[in-house]
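Me: I've got a model open and I'd like to learn how to read it. Can you walk me through the features?

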Amino acid sequence: MKEKYMTHIKSRNGWFDINIKELFQYKDLILLFTKRDISVMYKQTILGPLWLILNPLITVLLYSFVFGSVAGLSTDGSPHLAFYLTSNALWSYFATCLSQTSTTFTTNAAIFGKVYFPRLTMPISTVVTGILNLLVQIMMLVVALFLYKLQGIPIGTNCNILLVPVLILQIALLGLGCGIIVSALTTKYRDLVIVVTFGVQLWMYASPVVYSVTQIPAGIYTVYMLNPVAPIISVWRYAFLGSGIPPYFYWGISWITTILILFIGIVLFSKVEKTFMDTV
């Protein structure tokens, strides 16, 4: 009589060897990595978790002064603070996901070389950890919008606010996809980490983070909106502030781009994780 077995260990040589069932079985490990990242985020700092509020607040105040007061960029009638709080919340989450997942292999090589677990759990936990900062910034934004309404300043929050969880999911998947593509490439080309630092900054200025989409010339509008981040931030800002016109068509294209980037990232990640210890 043949005995039943639970796990079959075999070599993986294909391009797409991500075991979704196995990844789900390691969900507790993802939570442990998330707790670890949160606990060490502001460890041995004077202000501790207070940086969750101070960091985005300082950034937004600088944006308001430089781009709002000095440069005089239009905010489509929205208060400067609310305008920059809205876009910075989503952008900083995306930038964090991309930057931190891009160093998955190089940063965690010591752990990966000692014990087996699905490698994709590490970048996923990084994306989940970033949710904390995003939620804090959303709460700050809600408080700011409430105070503006108390002062009688019109804020056009609308039913598109229901799309917020979908937008967060999309920006998380996009950041994860871009990050694991870079992480797969950095196993051989370390200088890509430096390129990512500058690339994220350039990407921010190529996205409607510190300015409104309405300032984009009509001649390049279509090309501009092919940037997958641009429609996401535009719909996100419209949901909270009611400013601008939500580009739903380009948002659909952005979803296609997001899924494509994520698929390419998983394929590259799956291929590289088998041999990366030989090159890192």
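Predicted model: local features only at pLDDT ≥ 70, side-chain atom pairs only at ≥ 80, totals over all residues.

Me: How many helices and how many strands does the protein chain have?

Reply: There are 12 helices and zero strands. As for burial, 46% of the 280 residues in the protein chain count as buried.

Me: What share of the contacts with a separation of 6 or more comes from residues 24 or more positions apart?

Reply: In this protein chain, such residues account for 79% of those contacts.

Me: OK, now helix pairs. What describes two packed helices?

Reply: You use the angle between their axes and the distance between the axes. Take helix H7 (residues 121–150) and helix H8 (residues 164–186): they pack at about 140°, and their axes are 11 Å apart. Angles over 145 degrees would count as roughly antiparallel, and 65 to 115 as roughly perpendicular, so H7 is oblique to H8. The crossing in which H7 passes H8 is right-handed.

Me: Which residues of H7 and H8 make the contact?

Reply: From H7 you have Pro 123, Ile 124, Val 127, Ile 131, Leu 134 and Ile 138, and from H8 there are Ile 168, Ala 172, Leu 176 and Ile 180. By class, that contact of H7 with H8 has 10 nonpolar residues, with no polar and no charged ones.

Me: Let me try another pair. At what angle do the axes of H4 and H11 cross?

Reply: The axes of H4 and H11 cross at roughly 140° and come within 10 Å. H4 and H11 are therefore oblique to each other, and their crossing is right-handed. On the H4 side, the residues are Ala 82, Phe 83, Thr 86, Ser 87, Leu 90, Trp 91 and Phe 94. They meet Val 229, Ile 232, Ile 233, Trp 236, Arg 237, Phe 240 and Leu 241 in H11. The contact of H4 with H11 divides into 11 nonpolar, two polar and one charged.

Me: What about the core? Which residues have the most contacts inside the largest nonpolar core?

Reply: Those are Trp 91, Tyr 93, Val 210 and Trp 236, in a core of 70 residues. The elements giving two or more residues to this core are H3, H4, H7, H8, helix H9 (192–205), helix H10 (221–225), H11 and H12. Click on Val 210 and look around: leaving out residues up to four places away in sequence, Val 210 touches Tyr 63, Phe 67, Leu 73, Phe 83, Tyr 84, Met 204 and Tyr 205.

Me: Now loops. Where is Pro 246, and is Pro 246 buried or exposed?

Reply: Pro 246 sits in the loop between helix H11 (229–241) and helix H12 (248–272). The cut-off for buried is under 20% relative accessible area, so Pro 246, at 13% relative accessibility, counts as buried. Not counting residues up to four places away in sequence, Pro 246 touches Val 235 and Tyr 238. Pro 246 and Asn 160 are 86 residues apart in sequence, while their C-alpha atoms are 9.4 Å apart in space.

Conventions. Residues numbered from 1 in each chain as written. Heavy atoms only, no water. Axes fitted to C-alpha atoms, helices over the stretch in contact; angles between N-to-C directions. Helix = DSSP H or I, 4+ residues; strand = E, 2+ residues; numbered from the N terminus. Parallel < 35°, antiparallel > 145°, perpendicular 65-115°, else oblique. Left-handed = near helix turned anticlockwise from the far one by under 90°. Contact = heavy atoms within 4.5 Å. Nonpolar A, V, L, I, M, F, W, Y, C, P; charged D, E, K, R; others polar. Buried < 20%, exposed > 50% of the residue type's maximum accessible area, 1.4 Å probe, protein only. Core = buried A, V, L, I, M, F, W, Y, C linked by side-chain atoms within 4.5 Å.
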